[in-house]
Amino acid sequence: MFFKILFLLKILKFINWINVSGKKKKYPKVIQLPLTNKCNSKCVMCNVWKMSNSNEMTIDEFAKYMKDPLFKKVNSVGINGGEPSLIPNLEKYAEKILALPSIRSLNIISNGFNKNILKQIRSIYVLSKEKGVHFHVSISLDGYEDVHNKIRRIPNAFKKVTYVIDELHTNKEKYCDSLEVACTVMQQNVDYLIELDTYAKQKNYNMTYRLAVSNKRIGSEKIFSKYSVLAEEKCIQTAKEFFYTKYKQSQRVREKYKYFLIFHYLGFRIPKRLFACPWQDSGVTINARGELFYCAVESKMIGSLRHSIGKNIFFKDENIKYRQELIKNYCDHCIHYVFRPNRKSLLIILNNIFHEKYYPVWYKLKAKFL
Ligand code: SF4
């Protein structure tokens, strides 16, 4: 009983109670930063490798943008791409990010094919430590051996990425404050997740799972039916079973809750979001050409830092109205960014705890008296 109460208290603390309409003009606290469209992978669930990478921001342009007053309250930045390790002077970009006045954490996502990422990560970690900024590294791994090779469509992809993961994992103190190995769940790997999970457990990786989603920034909405588990009834069932198992196995409350809500999301005919999203009112995406978006998933481009001050773009009345429409029309069905559950999720999780605990009793009573 004590543990159940503790679990509940942790959930109450973890929930995001605020309902966001997008109307408030708040300075962003998070930047999603795809620094390049260049990529050395050909993933089945992504089109970024087919996109143009011409005319991307130079380091001088980037340094100027990071001084824009719009970013004065940003405390967290996530670098991704494309593949960020293909930027030869990546450390210079990190240096400019670390000069933001309120920065507290820096994250990087990589496919880990390029061994050079180790050197880059190591240098960025030194810079982060000097600034007292938490540095988190996330490396993608979508399957064991050939499953990963086929998803990434790169020969020896699994061998390349596990070399980098193993080095980061074994010598973590040289590279980062926290390390995550992230799997994107899709049609191509949904039947092989147990294999991957077993491998990750043997290696003691901090493995996390999320659903492959439609994302305009990487053009994946155009190929949705080719990878999404939501497009195939039998894949939905397998994914549900997997996420339910993860929910039951997870020890950490946040992780447990997250997997349960993904499981629940998969059960809707029209899926419904049960997580808050920082990009609804406190995040911004800047692409490799300095263009701004409210979020990467659904937002249209709202302006370019090459032509205007970020603050004027982000808070423009016309754009704020557009953000409200976006939240009203799209967010409810989006499963990207599953960090903090929203208040709607509380009844669902409580109902599930109650159901799991008392259903056998109710069943016995029904069998006896009805
Ligand atoms: S569409 Fe998705 S990512 Fe974009 S603001 Fe809404 S919930 Fe967040």
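Trainee: Quick one to start: is Tyr-227 buried or exposed?

Mentor: Buried. Tyr-227 has 0% relative accessibility, so Tyr-227 counts as buried. Bear in mind that this is a predicted model.

Trainee: Which residue forms an aromatic pair with Tyr-227?

Mentor: Phe-224 does. The two rings sit 6.0 Å centre to centre, with 75° between the planes. The pair is edge-to-face.

Trainee: Where do Phe-224 and Tyr-227 lie?

Mentor: In helix H9, residues 224–227. They are 3 residues apart, which means about one helical turn separates them.

Trainee: And Phe-224, what is its relative accessible area?

Mentor: 27%. That makes Phe-224 partly exposed, whereas Tyr-227 is buried.

Trainee: How many aromatic pairs does the structure hold?

Mentor: 19. Take Phe-158 and Tyr-199 as another example. Their ring centres are 5.5 Å apart and their planes are at 55°, so this pair is tilted.

Trainee: Why tilted and not edge-to-face?

Mentor: Because edge-to-face needs planes over 60 degrees apart, and here the planes are at 55°.

Trainee: Which helices hold Phe-158 and Tyr-199?

Mentor: Phe-158 is in helix H6, residues 157–170. Tyr-199 is in helix H8, residues 193–203. They are 41 residues apart, and the pair links distant parts of the chain.

Trainee: Are those two buried or exposed?

Mentor: Both Phe-158 and Tyr-199 are buried.

Trainee: Which residues form an aromatic cluster?

Mentor: Tyr-27, Tyr-294, Phe-314 and Phe-315 form one. Tyr-294 also turns up in the contacts of Asn-319.

Trainee: OK, Asn-319 then. Where does it lie?

Mentor: Asn-319 is in helix H13, residues 317–329. Its relative accessible area is 4%, so Asn-319 is buried. Leaving aside neighbours within four places in sequence, Asn-319 is in contact with Tyr-294, Ile-302 and Ile-313.

Trainee: Switching to helix packing. At what angle do H3 and H4 pack?

Mentor: About 25°, with the axes 9 Å apart. H3 covers residues 90–97 and H4 covers residues 116–131. The two helices are therefore roughly parallel. H3 passes H4 in a right-handed crossing.

Trainee: Which residues make the contact?

Mentor: From H3, Leu-90, Glu-91, Ala-94 and Glu-95. From H4, Lys-119, Gln-120, Ser-123, Ile-124 and Leu-127. By class, the contact has 4 nonpolar, 2 polar and 3 charged residues.

Trainee: How do the axes of H11 and H14 cross?

Mentor: At roughly 95°, and the axes come within 11 Å. H11 is residues 253–266 and H14 is residues 344–369. They are therefore roughly perpendicular to each other.

Trainee: Which residues meet there?

Mentor: Tyr-257, Phe-260, Leu-261 and His-264 in H11. On the H14 side, Ser-345, Leu-346, Ile-348, Ile-349 and Asn-352.

Trainee: How many of them are nonpolar, polar and charged?

Mentor: 6 are nonpolar and 3 are polar, with no charged residues. The H3 and H4 contact has 3 charged residues.

Trainee: Now the backbone. Which peptide bond is cis?

Mentor: The one from Gly-81 to Gly-82, with omega near 20°. Gly-82 is in the loop between strand E2, 76–80, and H3.

Trainee: What is phi of Asn-55?

Mentor: Near 60°, a positive value in a residue other than glycine. Asn-55 is in the loop between strand E1, 30–34, and helix H2, 59–65. At 54% relative accessibility, Asn-55 counts as exposed.

Trainee: And phi of Asn-156?

Mentor: Positive, about 60°, although Asn-156 is not a glycine. Asn-156 is in the loop between helix H5, 146–152, and H6. Its relative accessible area is 45%, so Asn-156 is partly exposed.

Trainee: What is Asn-215 in contact with, leaving aside neighbours within four places in sequence?

Mentor: Ser-220, Glu-221, Ala-296, Val-297 and His-336.

Trainee: And how far apart are Asn-215 and Ser-299?

Mentor: 84 residues apart in sequence, and 9.6 Å apart in space, C-alpha to C-alpha.

Notes
Residues numbered from 1 in each chain as written. Predicted model: local features only at pLDDT ≥ 70, side-chain atom pairs only at ≥ 80, totals over all residues. Heavy atoms only, no water. Axes fitted to C-alpha atoms, helices over the stretch in contact; angles between N-to-C directions. Helix = DSSP H or I, 4+ residues; strand = E, 2+ residues; numbered from the N terminus. Parallel < 35°, antiparallel > 145°, perpendicular 65-115°, else oblique. Left-handed = near helix turned anticlockwise from the far one by under 90°. Contact = heavy atoms within 4.5 Å. Nonpolar A, V, L, I, M, F, W, Y, C, P; charged D, E, K, R; others polar. Phe/Tyr/Trp six-rings, centres within 6.5 Å; stacked < 30°, edge-to-face > 60°. Buried < 20%, exposed > 50% of the residue type's maximum accessible area, 1.4 Å probe, protein only.
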